[in-house]
Amino acid sequence: MSLTIPSHIPLEHFKRFVLSMADDELVLGHRDSEWTGHAPILEEDIAFSNIAQDEIGHALVWYTMYMELGGPSPDEMGFLREWKDFRCCHFVTYPRGDFAYTVVRQYLFDVAEQVRLQGLLSSSVDALRSVAEKLLREESYHLLHSQGLVERLGDATPESHERMQRAVTEAFPQALGIFEELEGESFLVEAGAFVGNAALRSDWLKEVVPVLHKASLQAPVQLEAENVKVLVSPHEGGRRGQHLEYLKQLVDDMQQVYRLAPQSQW
Amino acid sequence: MDTQWETYEVFHQSRRGDAHVHVGSVHAPDPQMALQLARDQFARRLSCVSLWVVRTSDITATDYQDPDFFARVTDKSYRDPKAFDAPDKLHFE
């Protein structure tokens, strides 16, 4: 184990947190890669392929930290693990859908990434602070891209508006599942390692609701003075390993080639 | 309805001080998105410090059908800088 964390932070819970970050990035990166050769516009095809590579690169950063905490290698984590052992949220596992759904999912996820990483900048754990600083440099541009598309497609034409609204209605409760509480999370919050999912969810709502609204898109929420009241229930279970079949199909697909000859050197 | 985005011409600079070089074009809904998309098309492999995008329709160009525009009817070789080497770049000590 080459990375040590302050002794008052329970390692098991810390590792679970790192794994949830890694698995979100890998699985969404895989979904984004499914647009390679299929996106409606050549430029977006390349942009999404680029984002896919970035997300998978970020997954590698988190899996490397997981290994340094005593876990298996990144390759074993990505290519030899059973799908039930992933700890990503359901949100990133849904099929890529149409391009409107992809854009909305990417936007809602990018904001979540932004608030998660921003929160880690003041973590009591050095390793988390330095990873957050590094990844934010790329994530900020993902957000610029996906938010740019949301703002433009939200009310560009009646068809774009209708498809974007449908995507928001579908994706919003799924996205709330990003903030499902992790087992043992309170230990990490107490130790100042991370701000906690409840706080992140509230930061996320404050950011996405006005942006969607400005793009003529309605989120399923009610605004009450300072508070944003959510009217739908989040799609949870992923952080506990209770996954939908979609993840099984994705993992089968992703691991297929590696599993043919696990000992090969690539 | 034409739903195709307009094209923007992309100019790429690899180091500060170098000229921006035309590298191609992107489809985009407006200049800001054009810069975003140009970044993905042209700046992810080459080193890059600056990009310009210009709406293609804003470029005024000469007509290939009018070669006389560039013709030299009389001998103007005296204009050619043949007596010295003109370097691509200037070097300062």
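A salt bridge here is a side-chain nitrogen of Lys or Arg within 4 Å of a carboxyl oxygen of Asp or Glu. A search of the whole structure, which is a predicted model, finds 19 of them over all chains. Keep that cut-off in mind for several of the stops below.

**Stop 1: the contact between the chains**

Show chain A and chain B together. Select the residues in contact: 15 come from chain B and 14 from chain A. The two chains bury about 1,300 Å² between them, with 56% of it on carbon and sulfur atoms. Now pick Met33(B), Gln36(B) and Arg44(B). In chain B, these three lose the most area to chain A, together 36% of what that side buries.

Next, look at the polar side of the contact. Six residue pairs, both members at pLDDT 80 or more, are in polar contact between chain B and chain A. Colour chain B by element. Strand S2 (21-28) and helix H1 (31-42) of chain B are the elements that give two or more residues to the side touching chain A. H1(B) gives the most, with seven residues. By class, that side of chain B has six nonpolar, five polar and four charged residues.

**Stop 2: the bridge across the contact**

How many salt bridges are counted between chain B and chain A? The count is one. Select Asp30(B) and Arg152(A) to see the pair, whose closest N and O atoms are 2.4 Å apart. Arg152(A) lies in helix H5 (residues 126-153) of chain A and Asp30(B) in the loop between S2 and H1 of chain B, so the pair joins two chains. Arg152(A) has a relative accessible area of 25%, so this residue counts as partly exposed.

**Stop 3: a pair within chain B**

Stay on chain B and select Arg39(B) and Asp40(B). Their side chains meet in a salt bridge, at 3.8 Å from N to O. Is Asp40(B) buried or exposed? Asp40(B) is buried, at 5% relative accessibility. Arg39(B) is partly exposed, with a relative accessible area of 31%.

**Stop 4: charged groups in chain A**

Move to chain A and select Arg31(A) with Glu34(A). They form a salt bridge, the closest N and O atoms being 2.8 Å apart. Arg31(A) counts as buried, at 6% relative accessibility. Glu34(A) is partly exposed, with a relative accessible area of 21%. The cut-off for buried is under 20%.

Then select Asp24(A), Glu113(A), Arg116(A) and Arg239(A). These residues are linked in a network of salt bridges.

**Stop 5: the nonpolar core**

Show the largest nonpolar core, which has 94 residues. Highlight Phe14(A), Trp62(A), Met65(A), Leu108(A), Phe172(A) and Trp204(A), which touch the most other members. Helix H4 (residues 99-120) of chain A gives the most to this core, with 13 residues.

Centre on Leu108(A). What does Leu108(A) touch, not counting residues up to four places away in sequence? The list is Phe91(A), Ala171(A), Phe172(A), Ala175(A), Ile178(A), Trp204(A), Val208(A) and Leu212(A).

**Stop 6: a buried glutamine**

Finish on helix H6 (residues 158-176) of chain A, where Gln174(A) is found. Gln174(A) has a relative accessible area of 3%, so this residue is buried. Show its neighbours: leaving out residues up to four places away in sequence, Gln174(A) touches Phe91(A), Tyr94(A), Tyr101(A) and His235(A).

Definitions and conventions:
Residues numbered from 1 in each chain as written. Chains lettered and ligands numbered in written order. Predicted model: local features only at pLDDT ≥ 70, side-chain atom pairs only at ≥ 80, totals over all residues. Heavy atoms only, no water. Contact = heavy atoms within 4.5 Å. Buried area = accessible area lost by both parts, 1.4 Å probe. Polar contact = N/O pair within 3.5 Å; in protein donor to acceptor, adjacent residues only side chain to side chain. Helix = DSSP H or I, 4+ residues; strand = E, 2+ residues; numbered from the N terminus. Nonpolar A, V, L, I, M, F, W, Y, C, P; charged D, E, K, R; others polar. Core = buried A, V, L, I, M, F, W, Y, C linked by side-chain atoms within 4.5 Å. Buried < 20%, exposed > 50% of the residue type's maximum accessible area, 1.4 Å probe, protein only.
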